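I opened this entry to keep track of what I looked up in one structure. The notes are in the order I took them.

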Amino acid sequence: MALAIHQLSDEDLSQWDAYVLKTPAATFFHRAGWKTVLQRAFGHQPYFLYAEHEGEIVGILPLAHNKSLLFGNNLVSTPFCVYGGIVADTDEIAAALRTAACDLAQTLHVDVLELRNQHRSAENWPTKSIYATFRRSIDRDPEVNMQAIPSKQRTMIRKGIKNGLVSEPGQDWERIYRIYAESVRNLGTPVFSKNYFSLLREVFGDDVDTLMITHEGRDVAGVLSFYFRDEVLPYYGGSIAEAREIKGVNDFMYWELMRRSAEQGIQVFDFGRSKEGTGPYRFKQHWGFIPEQLYYEYHLVGADSIPDINPLNPKYQYFIRAWKKLPLPLANTVGPLLAKNLG
């Protein structure tokens, strides 16, 4: 097969997205819009590669160069996304894209090339397997979905309802940003810039939505979700400190998202990735979701080993404890300068 490997241009965006939509292995995070988001929100140089045969796209690999003095010099598919990697019609096409990515990594003199695969590839690359994703089909009937949730979490949902929590769907990224910024500060993590949330909405339109949870008229929690084909992906969620005094806030929030999504005909609830041994990992298991291992694979270029940039790394614990104590306005000002390289 005569293949040509190209970099995505603005003229090819619609053809790229048409390929993503028709190819089962592709995800929301393979969409062409991430090229714009990564460049404009974080300043990362995108290298969206595609294989062409007889004028048709037959394989894709979205990549971006994430270079930082603190967190390394990496070529990633794809920063700030839980899924990525090669999507191709055949193994031959996948191999051509992989070779092109390795060549690009050498040219850029990066430390590593990282592919965030959902499934293990046939390549013998070093693999990081600390993450799992949690996905499940949902039913149009809310009672079927409720009964699929273990009894302890059903009790928490009902407590949220009894406590007067209210869900408000919408597209107000500024409301969710305020909640999310406080939530991640409380966890000791730098927050992204407001511009990132704004761009997600601008680039992906109605495929980005928010759900706010209020108590007695006050925002206490919220989640920003992505929609792709027949799936909903709750992606950026959080709650304020006061929400801890109200039973069932997080359970109620995700239940309302599931209920409303199912009513709209959504068939898959993608709870996203979590690290093994963490609270979010256990929370999703308690909802009855079964973890599916993710396989992040690495081609080492300038590095001798896989980078270990995650909150579980002991060397980051002092920073995390200190960040939790920062005044929120200061955390929201300084945070985006660090968060842009934490993808």
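What follows are my notes on helices, cores, backbone and salt bridges.

**Ground rules.** The model is predicted, and local features need pLDDT of at least 70, side-chain atom pairs count only at pLDDT 80 or more, while totals for chains, interfaces and linings use all residues. Residues are numbered from 1 along each chain as its sequence is written, and side-chain values use heavy atoms, with hydrogens and water left out.

**Helix α1.** I took helices (H or I, at least four residues) and strands (E, at least two) as DSSP runs, numbered from the N terminus. I call a residue buried under 20% relative accessible area, exposed over 50%, and partly exposed in between (1.4 Å probe, protein chains only). Which residues of helix α1 are buried? In α1, residues 13-22, I found W16, Y19 and V20. They share one side of α1, because they cover an arc of only 100° around the axis; the arc is that of the directions from the helix axis to the C-beta atoms. S14, L21 and K22 are exposed on the other side of α1. I then looked up the packing, where contact means heavy atoms within 4.5 Å. The buried residues of α1 pack against β2 (45-53), β3 (56-68), β5 (87-88) and β11 (218-228).

**Strand β2.** I checked E52, which is in strand β2. E52 counts as partly exposed, at 22% relative accessibility. I noted that E52 and I5 are 47 residues apart in sequence but 6.3 Å apart in space, C-alpha to C-alpha. Leaving out residues up to four places away in sequence, E52 touches A2, L3, A4, H6 and V58.

**Helix α11.** I listed A331, G335, P336, L338 and A339 as buried in α11. Seen down the axis of α11, these buried residues fall within an arc of 155°, so they line one face of the helix. They pack against α6 (173-187) and α10 (317-324). The face turned away from the buried side of α11 carries P329, T333 and L337, which are exposed. I looked up L337 again: its place is in α11, residues 328-339, and its relative accessibility is 58%. L337 forms a nonpolar surface patch with L330 and V334, about 250 Å² of accessible area together. For such patches I used residues with over 30% relative accessible area and no salt bridge, with like charges joined within 9 Å and nonpolar side chains (Val, Leu, Ile, Met, Phe, Trp, Tyr) within 5 Å. Accessible areas come from the Shrake-Rupley method with a 1.4 Å probe, and for residues only the protein chains shown count as cover.

**Cores.** A nonpolar core is a set of buried Ala, Val, Leu, Ile, Met, Phe, Trp, Tyr and Cys residues joined through side-chain atoms within 4.5 Å. How many residues are in the largest nonpolar core? I found 81, of which F29, W34, Y196, L200 and F226 touch the most other members. Helix α8 (residues 249-263) gives the most to this core, with 8 residues. Apart from it lies another core of 20 residues, including L97, L104, A105 and V110.

**Backbone.** Most residues other than glycine have a negative phi, and most peptide bonds are trans. I noted a cis peptide bond from S77 to T78, with omega near 5°. T78 lies in the loop between β4 (72-77) and β5. F80 has its place in the loop between β4 and β5, and has a positive phi of about 70° although it is not a glycine. F80 is buried, with a relative accessible area of 6%. Phi of E216 is also positive, near 55°. E216 lies in the loop between β10 (208-215) and β11, and is exposed with a relative accessible area of 74%.

**Salt bridges.** I counted 14 salt bridges in the structure, each a side-chain nitrogen of Lys or Arg within 4 Å of a carboxyl oxygen of Asp or Glu. The side chains of E231 and R135 meet in one, at 3.2 Å, N to O. This pair links distant parts of the chain, with E231 in strand β12 (residues 231-239) and R135 in strand β8 (residues 131-137), 96 residues apart. E231 counts as buried at 13% relative accessibility, whereas R135 is partly exposed at 24%. In helix α8, E256, R259, R260 and E263 are linked in a network of salt bridges.
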